[in-house]
Each structure stands twice: as C-alpha cells, then as structure tokens.
Amino acid sequence: MSNKTIAFIGTGNMSYAIIGGMLKNGFSARNIIATNRNQEKLDKVAQDFAVQTTSDNIDAIKRADVIVLSVKPQMMEALCETFRSANIDLTDKVVISVAAGITLARLKEMLQSAAKLVRCMPNTPSLVGLGVSGLFSQDIDEQEQRFIDQIFSATGMTVWLHSESQINDIIAVTGSSPAYFFLFMQAIEEKAKALGFNEQQARQLVQQTALGAAQMAISQPDISLEQLRANVTSKGGTTHAAIESMKDNQLPLTVANAMDACIARAEEMEKQI
C-alpha cells in the first residue's frame with residue numbers, strides 16, 4: 001500500500017467504517033490520522049484501530065497527503081474558514097468531501113485553495129462493508145484515482161462518475177435507496193405480524209428472504225432482475241396475483257417518482273449551501 005498519510009476530519013460512523021475497512025485491506029494504521037472535537041470518540045478510534053488521533057484539525061491537515069472531510073454539510077464552511085485562517089497550503093493535497101449537497105465549485109469557494117478536490121457519496125451499507133461509493137473529480141491523475149479507489153473500495157464497491165450532476169443520481173440509486181428497501185421490508189413485516197407471526201418471527205422471515213433474494217441476484221448476474229422475478233411468478237399462481245396487485249397500484253411508477261423527488265431535493269440542497 002502507498003505510504004501516503006490520510007487524515008479524516010471528523011470521525012463519525014462513516015469515517016469509522018472507512019478506517020476499519022482500510023486497515024482490513026492492508027493500510028497501515030501509522031498512515032491514518034483521525035480528528036474529532038469529542039475526546040471520547042477519539043479514544044474509541046485509537047483503542048479500536050491504533051491510528052493516530054488528535055483534536056487539532058490544522059496539525060492533521062499539515063501532515064496529511066489526502067484529507068477526507070467527513071463533517072455535516074452545515075459545518076463545512078466554518079471548518080474551511082479555520083483552514084483559511086491558518087494559511088494552510090493545500091496545493092499538493094487531495095481533499096475529499098463526503099458531505100451531501102456541497103458541489104466542488106462551492107467547496108473550492110469555501111477553501112479558497114488550489115487543492116485537488118474529490119466529491120464522494122458513500123451509502124450506509126458501507127458501515128457493514130457492503131456499501132457503494134460514488135466518486136467524481138476533475139483534478140486528480142490516474143495514480144491518485146487508484147489510491148482513492150483503494151480507500152473507498154475497503155467498504156464495498158466504487159463507481160467513478162462522468163459528471164458531477166451524477167452525484168445526485170447516485171444518491172437516488174444507492175444513497176437513499178437502502179431506506180426504500182427498509183420501507184418495503186417494514187411493510188411486509190407489519191403485514192406478517194397482522195397475519196399472526198410474532199415480532200421476532202416476522203423480522204427474521206423478512207430479513208432472511210430479502211438477503212436470499214439479493215444473494216440470488218448477485219450469484220446469477222447473467223439473469224436479468226425481470227427474469228428472476230418471472231422465475232418466481234407462475235402465471236395464475238399466488239405470486240402472480242401479488243405482482244399484478246402491485247402493478248395495478250403502480251409500484252414501478254411510485255418508485256420512479258420517489259427517485260425523481262430525491263434527485264430534485266438534492267439539487268435544491270446544492271443551491272442552499
């Protein structure tokens with residue numbers, strides 16, 4: 001692995017997951033710095049991963065080659081102001097933002113720096129090593145891209161986007177979609193309980209079925225999702241009746257409209273921050 005030093009500014013759940021994944025994939029703990037204003041969180045990261053920790057963001061950034069800004073969007077401008085006040089030279093550093101709603105142009109404006117900027121949108125399954133991270137940059141070279149890919153592929157799969165506008169698309173497809181699946185699972189679980197299954201049984205039945213269906217899709221990539229669905233659906237049978245009911249209630253259109261609403265909201269957020 002590269003000897004580049006990576007600083008995580010903010011050590012919430014996502015940074016925690018990325019750091020853990022990096023170490024499992026061969027990154028050296030000596031080359032990772034984690035910062036947080038909360039000493040308790042820093043102590044946990046140090047105890048669990050033996051990485052360098054500090055409450056001093058400026059010190060961490062000065063020592064880092066790659067900086068991951070993992071703070072809430074509404075905190076980003078104040079954070080960047082501290083960098084400007086400290087007159088830090090970011091010219092040769094790669095700065096990665098995982099904050100939703102902040103475009104690279106806006107981040108450049110906040111930093112007022114010639115740093116190489118990358119925008120990343122990971123999703124919550126990254127916390128269990130099964131995530132998707134959408135990435136976009138116009139500043140980095142092939143070597144830097146490979147290195148960043150190594151960082152985020154430690155928590156799942158990565159996809160490099162052709163345009164920054166696709167960040168909002170990836171939010172609809174992978175960023176927000178775990179919630180779509182949870183809502184669907186919740187609906188099945190609630191109906192299962194109404195049918196007489198107890199709470200534990202209903203939860204286990206739903207999650208095991210969802211896991212099995214996902215694994216079938218993964219293990220048979222040459223078979224379309226439409227065909228996989230058809231393979232379970234005998235004409236005139238029970239599943240057919242259920243599927244036709246969903247179609248009559250316009251489930252596919254409901255999902256498409258929901259994803260369009262997600263994209264529209266993401267675009268609104270970019271204009272507000």
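The model is predicted: local features need pLDDT of at least 70, side-chain atom pairs count only at pLDDT 80 or more, and totals for chains, interfaces and linings use all residues. Residues are numbered from 1 along each chain as its sequence is written, and side-chain values use heavy atoms, with hydrogens and water left out.

**Overall build**

- The protein has twelve helices and eight strands; these are DSSP runs, numbered from the N terminus, with helices (H or I) of at least four residues and strands (E) of at least two.
- The C-alpha trace spans about 70 × 40 × 35 Å along its principal axes.
- Of the 273 residues, 39% are buried (buried is under 20% relative accessible area, exposed over 50%, partly exposed in between, with a 1.4 Å probe and protein chains only).
- Among contacts between residues at least 6 apart in sequence, 59% join residues at least 24 apart (a contact means heavy atoms within 4.5 Å).

**Helix H4 (73-85)**

- Met76, Leu79, Cys80 and Phe83 are buried in H4.
- They cover an arc of only 100 degrees around the axis, so they sit on the same side of H4 (the arc is that of the directions from the helix axis to the C-beta atoms).
- An α-helix has 3.6 residues a turn, so residues three or four places apart point the same way.
- Gln74 and Ala78 are exposed on the other side of H4.
- The cover over the buried residues of H4 includes strand S1 (6-9), helix H3 (57-63), strand S4 (66-69), strand S5 (94-97) and helix H5 (104-111).

**Helix H5 (104-111)**

- Leu104, Arg106, Leu107, Met110 and Leu111 are buried in H5.
- These residues fall within an arc of 155 degrees seen down the axis, so they line one face of H5.
- Ala105 and Glu109 are exposed, on the face of H5 turned away from its buried side.
- The buried residues of H5 pack against S4, H4, S5, strand S6 (116-122) and strand S7 (131-136).
- Gln112 follows H5 and has a positive phi, near 50 degrees.

**Second largest pocket**

- The second largest pocket holds about 690 Å³ of space.
- It has 23 lining residues, and the closest to its centre are Gly10, Ser70, Val71, Lys72 and Met75.
- On a 1 Å grid over the protein atoms alone, a pocket is an open set of points where a 1.4 Å probe fits, with protein on both sides within 12 Å along at least five of seven lines; lining residues have an atom within 4 Å of a point.
- Helix H1 (13-24) and H4 each supply at least two lining residues, and H4 gives the largest share, four residues.

**Aromatic pairs**

- The structure holds two aromatic pairs (rings of Phe, Tyr and Trp, the last by its six-membered ring, pair if their centres lie within 6.5 Å; planes under 30 degrees apart are stacked, over 60 edge-to-face, the rest tilted).
- The rings of Tyr16 and Phe49 have centres 4.7 Å apart and planes at 50 degrees, so this pair is tilted.
- Tyr16 lies in H1 and Phe49 in helix H2 (residues 39-49), so the pair ties together parts 33 residues apart in sequence.
- Tyr16 is partly exposed at 26% relative accessibility, while Phe49 is buried at 16%.

**Gly101**

- Gly101 lies in the loop between S5 and H5 and is buried at 6% relative accessibility.
- Gly101 touches Arg119, Met269, Glu270 and Ile273, not counting residues up to four places away in sequence.
- Gly101 and Pro73 are 28 residues apart in sequence, yet 7.0 Å apart in space, C-alpha to C-alpha.

Note on methods: Grid points are joined across faces, edges and corners, and a volume is the space filled by probe spheres set on the points.
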